[in-house]
Amino acid sequence: MKNIDWKNLTFGYVKTDCNIRCYFKDGKWGPIETSTSETIDIHIAATCLHYGQEAFEGMKAYRGKDNKVRLFRWEENWLRLQRSAEGILMQSVPKEIFKEAISKAVELNQEYIPPYGTGGSLYLRPLLIGTGAKVGVSPADEYLFMVFVTPVGPYFKEGFKPVKMQLIRDFDRAAPQGTGSIKVGGNYAASLRAGQRAQKEGFATAIFADAKTKTYIDEAGPANFFGIRDGKYITPDSESILPSITNMSLRELAADMGLIVERRHVALDELGTFEEAGACGTAAVISPIGMVQDRDNGTVYQYSKDGEAGPWCKKLYARLTGIQYGEEEDKFGWCTVLF
Ligand code: PLP
Ligand code: COI
């Protein structure tokens, strides 16, 4: 085990021992390689540098109560990377290569997996980039798939304490028929200005309204939004948001715990009706939302009066993390024990 201040980890980069790489060249994927270098050497005209041929995933390995190391729903991340690759005409990564690369990246860096009970986890960042040289706008014929890992703590500094979010309408992260539903770098570039402004103005992140009508909730920065009201778990359906694997899991857990699940357009007007609200994602886990302020008219929606998460956020968080850390029965078969 490395000498790391596990309890005070943030969502940042910590160097580990190695990363995994696999090259697609001459129409085929090569061997899975291990590298101790933190840099890559690519062509100056690589399509990832000019035309945004880049997609990534975010997943975590958890050290459990039983000291076993688990991955959560990794096949869903692979499926989403397939969709991302198809969406921007990249070569897709075969399932076996994905599985071997993520498993190796965790195994070879196992001393960086935070101990059980510290609240940390090992974040895995698989990424796929177009490396072939092109000057005209067209897809590359060479690709590089990589996986690096880094130990992380909470995404928002508040951890599982309620965060403040800012509802905005003057920036869009993705267009309705654009790339919002896949995990490509361009969406994040498009979200940077709104995110940084929200932080400067005192919020954890921005909540985007739908780009077309500005009447629905899209996403809460790098996470999906959900609200709880009258025994219902309500979460946006939108063609411009990322289908979150965490949200998919929470919908199943919510239903299992007796909530009615609604996945549909969620009107901005409904913000005033929720008893609880939260943002969910691999990095964010569940970040309870304490308040949302509308940047255009100043309206404040309050979800936490005492600085604590609401009861449903707490229950859903406990159930989800309980499964991920092997504390609770994995009745849906979501975890893969690596070792
Ligand atoms: N929305 C966006 C824009 C994201 O970047 C992420 C993170 O992956 C999520 C939602 C949450 O998705 P998941 O739960 O699959 O991590
Ligand atoms: C994740 O939740 O894994 C993400 O990718 C979100 C963000 C760090 C981009």
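Which residues lie nearest the centre of the second largest pocket? The points below answer this and describe the pockets, cavities and helix contact of the model.

1. The model under review is predicted. Its chain contains 6 helices and 18 strands. The C-alpha trace spans about 55 × 50 × 35 Å along the principal axes. A compact globule of 339 residues would have a radius of gyration near 20 Å, and the value for this chain, 20 Å, agrees with that expectation.

2. To take the opening question: Lys60, Gly119, Val285, Tyr317 and Tyr325 lie nearest the centre of the second largest pocket, which is lined by 37 residues. Strand S5 (59–63), helix H5, strand S16 (285–294) and helix H6 (311–324) each give two or more residues to this lining. H6 provides the largest share, with 4 residues. The space in this pocket amounts to about 510 Å³. By class, its lining divides into 19 nonpolar, 15 polar and 3 charged residues.

3. The largest pocket has a volume of about 770 Å³. It is lined by 40 residues, and those closest to its centre are Tyr155, Phe156, Gly221, Pro222 and Ala223. The classes here are 19 nonpolar, 13 polar and 8 charged residues.

4. Several elements contribute to the lining of the largest pocket. At least two residues each come from the strands S7 (121–130), S9 (163–168), S10 (205–209), S12 (223–229) and S15 (276–281), and likewise from the helices H4 (185–200) and H5 (245–256). H4 gives the most, with 6 residues.

5. On the H5 side, the contact is made by Thr246, Ser249, Leu250, Leu253, Ala254 and Asp256, which meet Leu316, Arg319, Leu320 and Ile323 of H6. By class, this contact has 6 nonpolar, 2 polar and 2 charged residues.

6. The structure also holds 2 cavities of 30 Å³ or more. Strands S10 and S11 (217–220) are the elements that give two or more residues to it. Of the lining residues, 5 are nonpolar, 1 is polar and 4 are charged.

7. The second largest cavity has a volume of about 40 Å³. Pro162, Glu276, Ala277, Pro288, Ile289, Tyr303, Ser304, Glu308, Ala309 and Gly310 line this cavity, and S15 and S16 are the elements giving two or more residues to the lining. The residues divide into 6 nonpolar, 2 polar and 2 charged.

Terms used
Residues are numbered from 1 along each chain as its sequence is written. Chains are lettered from A and ligands numbered from 1 in the order in which they are written. This is a predicted model: local features need pLDDT of at least 70, side-chain atom pairs count only at pLDDT 80 or more; totals for chains, interfaces and linings use all residues. Side-chain values use heavy atoms; hydrogens and water are left out. On a 1 Å grid over the protein atoms alone, a cavity is a set of points where a 1.4 Å probe fits but cannot get out, and a pocket is an open set with protein on both sides within 12 Å along at least five of seven lines; lining residues have an atom within 4 Å of a point. Grid points are joined across faces, edges and corners, and a volume is the space filled by probe spheres set on the points. Ala, Val, Leu, Ile, Met, Phe, Trp, Tyr, Cys and Pro count as nonpolar, Asp, Glu, Lys and Arg as charged, and the others, Gly among them, as polar. Contact means heavy atoms within 4.5 Å. The radius of gyration is taken over C-alpha atoms; the globule rule is 2.2 Å times the number of residues to the power 0.38.
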